[in-house]
Structure formats: structure tokens, C-alpha cells
Amino acid sequence: DVSPDGTSVLFMAASERGLEELYRVSLATREERLVARQVGQGTWAPDGRSVLLLRDFQEAPSGGGDLVAADLESGREQVLHRDPLKRMLEPRWSPDGKRVAVALNARQVGLNDAIGVFDSASGVFDELPIALHSYPGTKVRGHRWISPRRIVLLLLDNGETVSTAGRVALLDVERRELTSL
């Protein structure tokens, strides 16, 4: 993931203990700096001064996790949202830099995934269910903002991680409407 100003790159690496760590490397100097330990994924904030991290609960059988903001200068971390039941995946900033969307993985067959949207101004985290027609166990396998209020989703209908039955859908975050494309 390239920084907003194009000077650094975020990347994941395994530690000696096998835990994932997030690093940034300067493209000018090739200097690597540790950003955070025990991280599932990370992405730059639009201002380039902080990153968003996803951290799974290692000990939780339910598989929940945290959405964390980490300041690059001080190293200080702040938990923005904690979900005890769903694993968070693929943090994506909206084009206007005001919201972050994450896929919320239910980790149970027959339960639908959801999209979580964090509003950076208000601090509110909103969970938007993903239910199309009568497809139990719909799973989110990819998502991208296409405007400040709409997210396109790749959904699998049978609850499996690999499937021949899927669809593309459009989620209007403000109206809380999901439409199959």
C-alpha cells in the first residue's frame, strides 16, 4: 500500500515468532520501520500521518477483532471499534476520506457477513447487513468504494470461501440499500 504522498510503502512481514508485523519503507532511503505488531492488515489514512490496522483476537474462539488507528510519529494506538464476534477484513477509505469500510466476517456457515462503516468525524461504527433475496450465508469476498456513499461488493452466496455461485452488488451506505447488479 503506497502512502498518499507516494514516498513510502506499507508491507506485512512475519516475525520470528510467526506473528504478522506491519512495516513501512521509505522509497527514497529504503529504510524500514516497524509500525505495529500482531496485525492482520493495514492501510494508510488519507493524511499519510497515521495508518489503520486490523488486529484479530488471538485467543477468542469467536474470531473477533479491533479496528485501530496508529499514529506514525508517536506510535500511539487508539482502538476505533472492537467487534467480539466478527473478524474485520480489508479496511478501505472512502474517496472523500471521511469513512472506512471493513468486511465483517461471521466465520460461521449459514450466517451472512456484513459491511462495517466507521465515520471518522463522529466516531460512529455502523454495521450494514448483507442479505440479498434468500441466500443464507452470503460472504463478502471483496469491496471497494466507488463514490463517497456507494460500495461495490463481490459476494459469494453459499457461505463457502470458494464458490461458483456469486454476484456483484452495490451498497448505498446512506440509504442502507443493497442492490444486486
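Modeller: Let us begin with the surface: the accessible area of the protein comes to about 9,800 Å², and 49% of it belongs to carbon and sulfur atoms. Such areas come from the Shrake-Rupley method with a 1.4 Å probe, and for residues only the protein chains shown count as cover. This is a predicted model, in which local features need pLDDT of at least 70 and side-chain atom pairs count only at pLDDT 80 or more, while totals for chains, interfaces and linings use all residues. Residues are numbered from 1 along each chain as its sequence is written, and side-chain values use heavy atoms, with hydrogens and water left out.

Colleague: What percentage of the residues count as buried?

Modeller: Buried means under 20% relative accessible area, exposed over 50%, and partly exposed in between (1.4 Å probe, protein chains only). Here 43% of the 181 residues are buried. Leucine 154, with a relative accessible area of 40%, is partly exposed.

Colleague: How many helices and strands are there in the protein?

Modeller: Both are DSSP runs numbered from the N terminus: helices (H or I) have at least four residues, strands (E) at least two. The protein has 15 strands and zero helices. Leucine 154 lies in strand E13, residues 150-156.

Colleague: Which strand is joined to E6 by six bridges?

Modeller: Two strands pair if DSSP finds at least two bridges between them. Strand E6 (residues 65-71) runs antiparallel to E7 (residues 77-83), with six bridges joining them. Aspartate 83 in E7 is the bridge partner of glycine 65. Five residues separate the two strands of this hairpin, and glycine 75 in the turn has a positive phi of about 80 degrees.
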